[in-house]
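Here is a short walk through one structure. Keep the sequence and the 3D view open as you read.

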Amino acid sequence: MKVLITGGSSGLGKSILEIISLSHEVYFTYNNSIKSANEITDKFKNSFSYKCDFTNEIELKDFLNKVKNIDFDVLINNYYSGNFLGKHFSNTDSSDFLDVYKNNIIPVIDITQVLLKTFKKKKKGLIISISSESISNPPIGSGLYSTVKSVIEQLSKIWNSENKKFGIISKIISPSFMRTNLTSEIDERIIEMYFENISNRDEIKNISSEIMKIINNHKV
């Protein structure tokens, strides 16, 4: 199978890639992490990288032109650009919401629409989108992040209802707290405040394994 992962050079995306590439052909995107991307493709011969800054319209258009000609079976929407925690809502400029929407929602829409065309031709396909458990009880300062994840989750439901008749399934994975670059600078006291049962928090490998199970259980 051919799998496309957005944001696969670090964090959760990299962990997913490392598991999936053992048995499937994996294509992933990166922006600035060229060293990490090269290390991945050197180590995992079934992996292929795309340099793409999703905030750059020219690079995104070029990327879309490339992937539309590849016979993908699975799309994993993992990419996120921004911080987990930031300002209170009352101190966040409305322009910040517009920017985070342009940088994180529009690219997902564009990429998913392109791959849906491929999936419809095949009459089969799988879309897995990474949401967050935090959107049900968003921590203070997570307005931008939670907004993006909420939209992604709703879009995923729409994709499933509109496309399951074509053999295309859309799944949502909603991890709780994970230690990645996105959360590396959060004070431990804040973590304990919002994630009381931190001994059972979702670790990266557990989520990656769950995604692998979804892929293996879905016959594409």
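Are helix 3 and helix 5 roughly parallel or roughly perpendicular to each other? This is a predicted model, and the axes give the answer. The axes of helix 3 (residues 57–67) and helix 5 (residues 106–122) come within 10 Å and cross at roughly 20°. Angles under 35 degrees count as roughly parallel. Helix 3 and helix 5 are therefore roughly parallel to each other. Their crossing is right-handed.

Now look at the side of each helix that takes part. Helix 3 contributes Leu-60, Phe-63, Leu-64 and Val-67. These meet Pro-107, Asp-110, Ile-111, Val-114 and Leu-115 of helix 5. By class, the contact has 8 nonpolar residues, 1 charged residue and no polar ones.

Next, the aromatic rings. A search of the whole structure finds 8 aromatic pairs. Tyr-27 and Tyr-50 form a stacked pair, with 6.2 Å centre to centre and 20° between the planes. Tyr-27 sits in strand 2 (residues 25–30) and Tyr-50 in strand 3 (residues 47–51). The two are 23 residues apart, and the pair links distant parts of the chain. Both Tyr-27 and Tyr-50 are buried.

Phe-54 and Tyr-79 pair edge-to-face, at 4.6 Å centre to centre and 75° between the planes. Phe-54 lies in the loop between strand 3 and helix 3, and Tyr-79 in the loop between strand 4 and helix 4, so this pair ties together parts 25 residues apart in sequence. Phe-54 is buried, with a relative accessible area of 5%. Tyr-79 is buried too, with 17%.

Finally, trace the cluster. Ring pairs link Tyr-27, Phe-48, Tyr-50, Phe-54, Phe-63, Phe-72 and Tyr-79. Phe-63 in this cluster also belongs to the helix 3 contact with helix 5.

Note on methods
Residues numbered from 1 in each chain as written. Predicted model: local features only at pLDDT ≥ 70, side-chain atom pairs only at ≥ 80, totals over all residues. Heavy atoms only, no water. Axes fitted to C-alpha atoms, helices over the stretch in contact; angles between N-to-C directions. Helix = DSSP H or I, 4+ residues; strand = E, 2+ residues; numbered from the N terminus. Parallel < 35°, antiparallel > 145°, perpendicular 65-115°, else oblique. Left-handed = near helix turned anticlockwise from the far one by under 90°. Contact = heavy atoms within 4.5 Å. Nonpolar A, V, L, I, M, F, W, Y, C, P; charged D, E, K, R; others polar. Phe/Tyr/Trp six-rings, centres within 6.5 Å; stacked < 30°, edge-to-face > 60°. Buried < 20%, exposed > 50% of the residue type's maximum accessible area, 1.4 Å probe, protein only.
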